Amino acid sequence: MEGRLMDNAFSPAWSSTTEVTNATSATAAVVLPKDRDGVLLTNTSVTARVHVMLTNYESEATVPTGTAPTTSNGVPVQPGGQVRIYVGSGNKVLRTIATAADGVLLITPGTGI
């Protein structure tokens, strides 16, 4: 069992963190590496809850703007919180929205959860 846990440990893609300023309107799409199946989300705000939405797409020729999250349908990241999410491999983009324009969301792709 212990070896199995190690197989799933999160391994970040070093030097690939994207910083998105928290805003009360949906932000532009952040393209995630297609060869990474996990993402670590860190909310630096002490007041704003951030919601994220993942969009998969087929063709690399046209990267979509992604589905815009709302503060009621996106996956929440609490103020000062950090979550790891399995996103699968392939083409994908991530968009965010926050309950206040405070802090940033750090988006770190990687492998494992």
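**Nonpolar core and sheet arrangement**

In the predicted model, the largest nonpolar core comprises 14 residues, and those with the most contacts inside it are V39, L41, V52, L94, L105 and I107. Such a core is a set of buried Ala, Val, Leu, Ile, Met, Phe, Trp, Tyr and Cys residues joined through side-chain atoms within 4.5 Å, where buried denotes under 20% relative accessible area, exposed over 50% and partly exposed in between (1.4 Å probe, protein chains only). Two or more residues are given to this core by each of β3, β4 (38–43), β5, β8 (92–98) and β9 (104–111); strands are DSSP runs of E with at least two residues, numbered from the N terminus. Beyond its neighbours within four places in sequence, V52 contacts L41, P69, G74, V75, L94, R95, T96 and L105 (heavy atoms within 4.5 Å).

Four strands form an open sheet in the order β3-β8-β5-β6, with antiparallel pairing (pairing requires at least two DSSP bridges between two strands). Because β3 (30–32) and β6 (75–77) each have a single partner strand, one side of each edge strand lacks a neighbour in the sheet. Strand β5 (residues 50–56) is joined to the antiparallel β6 by three bridges, and V50 has V77 as its bridge partner in β6.

S11, located in strand β1 (residues 11–12), is partly exposed because its relative accessibility is 37%. Its C-alpha atom lies 5.2 Å from that of T111, 100 residues apart along the chain.

Residues are numbered from 1 along each chain as its sequence is written, and side-chain values use heavy atoms, with hydrogens and water left out. Local features need pLDDT of at least 70 and side-chain atom pairs count only at pLDDT 80 or more, whereas totals for chains, interfaces and linings use all residues.
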